Amino acid sequence: MNEPLSESEGTFTGPTETHTFNGILFDMDGTIVNSTDAITKHWHKIGKELGIDPAVILETSHGRRSIDTLALYDQGKANWDYVSHIEGLIPKEYGADAVEIPGARSLLASLEHVNARWAIVTSGTRPLVTGWLDVMRLAHPRNLVVAEDVSAGKPAPDCYRLGIDRLGLTAEGSRPSVLVIEDSPAGILAAKAAGCQVIGLATTHSIKRILQSGADWIVQDLRSVTLLSKVVGAHGQIQLEIRHALQR
């Protein structure tokens, strides 16, 4: 849980803004669902198996691919078969420990309702992402970028560049306006490096770290982001309203 804002950091009282984008890319954990308690239990289990203090693992695991985390402690387990297996168990074993980020359900449903271009880009594996979406009964995107799709995880921009491509925006020629919604500094850095604008969610990290990562807006959760309309046309742009962003 984040500490209260200091006067120097500002307040969540920003004026309402309206912006138009060609597509939206969402991170998963900390952005759509908060599975912190479940992930903590998971790494405690894995840490015990590896003989590693779970607290050490948890210091660097958030927003990072499990395969990269495991590579630090046991190269033999840093393979996709093992990672997909253990991550696929998380929603099944610890599903009751996860909650949706406020506003996530309505925003995803509204985007899906108008057939907007949106995708999930995550450091998790496919079994983990689809498992959480099933357990939480949230909208499934038609496009998904998962850990095993890229050779370098966040903060490398590869995943978000692939997300833009899977939305079909790269082929349209001109540089698309793509919004990324992220909670982790590594993810924000990846999105900015991919040329995207970013809404940073103050759900898992300090305001200071989110600011340092370069987010264009910072909001408390997804209740501050609302779909106004999908602009009919060749590009099918999405018009969003952003409310109560951090005001400094």
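Leaving aside its neighbours within four places in sequence, which residues is S184 in contact with? In this predicted model, S184 is in contact with H62, G63 and H205. S184 itself sits in a loop, with β8 (178–182) on one side and α8 (185–193) on the other. Its relative accessibility is 3%, and S184 therefore counts as buried, the cut-off being under 20%.

Aromatic pairs were examined next. The count comes to 2 aromatic pairs. One of them is formed by F21 and W217, whose arrangement is edge-to-face, with 6.5 Å from centre to centre and 90° between the planes. F21 belongs to strand β2 (residues 17–21), while W217 belongs to strand β10 (residues 217–219), so this pair ties together parts of the chain that are 196 residues apart in sequence. F21 has a relative accessibility of 0% and counts as buried. W217 is also buried, its relative accessible area being 9%.

F26 and W118 likewise form an aromatic pair. The pair is edge-to-face, with a centre to centre distance of 5.9 Å and an angle of 90° between the planes. F26 is found in strand β3 (residues 23–26) and W118 in strand β6 (residues 118–121); the pair therefore ties together parts that are 92 residues apart in sequence. Both F26 and W118 are buried.

Note on methods:
Residues are numbered from 1 along each chain as its sequence is written. This is a predicted model: local features need pLDDT of at least 70, side-chain atom pairs count only at pLDDT 80 or more; totals for chains, interfaces and linings use all residues. Side-chain values use heavy atoms; hydrogens and water are left out. Rings of Phe, Tyr and Trp (its six-membered ring) pair if their centres lie within 6.5 Å; planes under 30 degrees apart count as stacked, over 60 as edge-to-face and the rest as tilted. Helices (H or I, at least four residues) and strands (E, at least two) are DSSP runs, numbered from the N terminus. Buried means under 20% relative accessible area, exposed over 50%, partly exposed in between (1.4 Å probe, protein chains only). Contact means heavy atoms within 4.5 Å.
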